[in-house]
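Work through the exercises below with the sequence and the model side by side. Each task is followed by a stepwise solution.

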Amino acid sequence: VTKVLTTIRANATISGTLSKPDGSPVPFAWIGASNGFFKEDEAQGDFKGGEVIETGTEVRGDGEFQLPIVAGKYHLFVGFPPEAGNDLMPPQVEEIEIAGGENKVLNLALREPDAVITGSVQDEDGEDVRRGFCHAWSTEQGFAGQDFSDGEYSLPLMEGTWFVGCDSFGKETASGSFLRYQEKSITVVKGNTAGEDFVLSEALFDIPDGFSQSISCTAASEF
């Protein structure tokens, strides 16, 4: 099977800074942009105006970034390493529209959460799940997530309604097993802690073994 990949030339730029609430820079974070939300009800494909664009760039050591992009309408989001602060939230999701030839400057800042969701994570046998990942997302507030250990999780969040879920690769003896829980809708109030426990079930699929392979950009390769 031959697949022709079409590249699109960037004709605009989003640049700016990412900082902590105290104004210090957040180095080596990730600035992402997606137009997928705005394309859901439109024809999509490899034709002008139909491209779904998912792109991003790393924030430099001084907290500045520059993202070449194609003119259009996007959701802008931020990911940052744990060392930047496990108790911080990414900026609220930015909805931007940018024209060809434009350089849009944005100064973004991480936020201090004002609420918490916490609880236990167990498997169907009632045993604590030793480690995994819990996440929360909101259309207005974006995405947040943290690793958990020893069957306990805590997610610092902003006030509002969140879709929350947890998953894990299961017990150490269960090779390839993947545990998950369908997301719950949870509302948290400013200044409060909401308690919510999760019982994870084994997913109805197996995680395939990973592999690595070197390829050449000048010759065909088979996997």
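The model is predicted, and local features need pLDDT of at least 70, side-chain atom pairs count only at pLDDT 80 or more, while totals for chains, interfaces and linings use all residues. Residues are numbered from 1 along each chain as its sequence is written, and side-chain values use heavy atoms, with hydrogens and water left out.

**Exercise 1.** Give the strand order of the open sheet formed by 3 strands, and explain its edges.

Solution. 
1. Strands are DSSP runs of E with at least two residues, numbered from the N terminus.
2. Two strands pair if DSSP finds at least two bridges between them.
3. The order is β4-β1-β7, with mixed pairing.
4. β4 (64-69) and β7 (103-109) each have a single partner strand, so one side of each lacks a neighbour in the sheet.
5. From one strand to the next, the twist averages 20°, where axes are lines fitted to C-alpha atoms and angles run from 0 to 180 degrees between N-to-C directions.

**Exercise 2.** How many bridges join β1 to β4, and in which sense do the strands run?

Solution. 
1. β1 covers residues 12-19 and is joined to β4 by 6 bridges.
2. The two strands run antiparallel.
3. Within this pair, Phe65 of β4 lies opposite Gly16.

**Exercise 3.** Which strands pair with β9?

Solution. 
1. β9 (residues 131-138) pairs with β10 (residues 142-149) over 8 bridges in the antiparallel sense.
2. A hairpin of 3 residues connects β9 to β10.
3. Phe133 has Asp147 in β10 as its bridge partner.
4. β9 is also joined to β12 (residues 160-168) by 5 bridges, again antiparallel.
5. There, Trp137 is bridged to Phe163 of β12.

Technical notes
Helices (H or I, at least four residues) and strands (E, at least two) are DSSP runs, numbered from the N terminus.
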